[in-house]
Amino acid sequence: MERILVTGGGGFIGSHLAKYLYLQGNFVRVIDTEFNEYIQEKYCSEKLQLDLRIWENCLAATKGVDKIYNLAANMGGIGFINSVGAEVMHDNVLINTHMLEASRQNNVKRFLFSSSACVYPTYRQRNPNVKGLKEEYAYPADPDNFYGWEKLFTEKMCEAYRRDCSMDIRIVRYHNIYGPKGTYEGGREKSPAALCRKVAEALSPETITLWGDGKQTRSYCYIDDAVRGTVMLMGSDHDKPLNIGSDRLVSIDELADIIIKISGKNIAREYDLSAPQGVRGRNADITLARKIIGWEPKVSLEEGLARTYRWIEECVRDKLVAAKGEVKADVVRRK
Ligand code: NAD
């Protein structure tokens, strides 16, 4: 049994990761400012509500643990990270700076930083038919947004702490992780969840709106695969950044095709060319993950999206039922 801290453990990847580690019999402390309302069952040993931008909280959080998965971040989908720059950089620099230094002071044995595909330079992502991004492509640096710059800065800070303080650090670069029990509404959701929600809310026939012209490309990795890869990386000797993602490139149109087929609905689409769409094409090269930790995704995009769609469809249905109940109660009250 290990003593593990998962920061951001109230969020999407953090809650799935904490649950996986907890079910393996570890002591798992999770810390977040807010907790994912989607997970009802007990999924950790200890749950603390702390703001990790504050130094004293990081010092308390890192006491008495051997390993830290540092996933806390102020983040969201392309609409959010394109529009919010100062807040994202401010919050994430504070969280990561304090978490690293507090981990050093508390002699934490191993620390994992959750970086992102957003660190990769725009000049390698101008074509929808893009080549997979290899880890070494991060330099010369030119990330697409402030969020990516902060991730790259923190990767460098990890490198400095490893060199100067002999800290044992792992860095995972996630590429579009998706699955059930993640944000699917409210403005911070990412493309798979947003599209599942739009289709689930649509009547049949109906038209939904896609951001961009639908030809921009991405690759998507299912949450269970991402959690498994993260734990494998943490257990390995690899102390350089490692991509965890899928190397199956699809366009947003193809993503929508799969989701619409799963729904069984008759849905047409229109395109909002003024909406944010990020880089033109992005794919993960996972050659290194295959070689170093023997990891690759197992869940197909069709299977992962089917699981995600069913969960979001259920959430949308529950909300509709609740809203109808409220209207009924209101009518009764008025009578
Ligand atoms: P998420 O937003 O669901 O989880 C992040 C959690 O951090 C949230 O629950 C949030 O409340 C918490 N947090 C924010 N500010 C905090 C603070 N001041 N103190 C404590 N907690 C705070 O996001 P996620 O998708 O689970 O991402 C987890 C990590 O992986 C993040 O670092 C993110 O940048 C990185 N990442 C995710 C993806 C992806 O596709 N989901 C891709 C690349 C990188």
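Biologist: Happy to look at this one with you: how much space lies in the second largest pocket?

Modeller: This is a predicted model, in which local features need pLDDT of at least 70 and side-chain atom pairs count only at pLDDT 80 or more, while totals for chains, interfaces and linings use all residues. Residues are numbered from 1 along each chain as its sequence is written, and side-chain values use heavy atoms, with hydrogens and water left out. A pocket here is an open set of points on a 1 Å grid over the protein atoms alone, where a 1.4 Å probe fits and protein lies on both sides within 12 Å along at least five of seven lines. Its volume is the space filled by probe spheres set on the points, which are joined across faces, edges and corners, and for the second largest pocket this comes to about 200 Å³.

Biologist: Which element gives the most to the lining of that second largest pocket?

Modeller: Lining residues have an atom within 4 Å of a grid point, and here they are H16, K19, Y20, L23, I39, E41, K181, D224, V227 and R228. Two elements give two or more residues to this lining, helix 7 (223-234) and helix 1 (12-23); helices are DSSP runs of H or I with at least four residues, numbered from the N terminus. With 4 residues, the top contributor is helix 1.

Biologist: How many of the lining residues are charged?

Modeller: Asp, Glu, Lys and Arg count as charged; Ala, Val, Leu, Ile, Met, Phe, Trp, Tyr, Cys and Pro as nonpolar; and the others, Gly among them, as polar. The lining of the second largest pocket holds 4 nonpolar residues and 1 polar one, and the number charged is 5.

Biologist: How many disulfides does the rule count?

Modeller: A disulfide needs two cysteine sulfur atoms within 2.5 Å. The sulfur of C58 has its closest cysteine sulfur in C158, 14 Å away, so that pair is too far apart for a bond. C158 in turn has C165 as its closest partner, at a sulfur distance of 11 Å, again too far. The count of disulfides is 0.

Biologist: And is C58 buried or exposed?

Modeller: Buried means under 20% relative accessible area, exposed over 50%, and partly exposed in between (1.4 Å probe, protein chains only). C58 has a relative accessible area of 0%, so C58 is buried.

Biologist: Which residues does A200 touch, leaving out those up to four places away in sequence?

Modeller: A200 sits in helix 6 (residues 191-201) and, at 12% relative accessibility, counts as buried. Taking contact as heavy atoms within 4.5 Å, A200 touches K265, Y309, E313 and V316.
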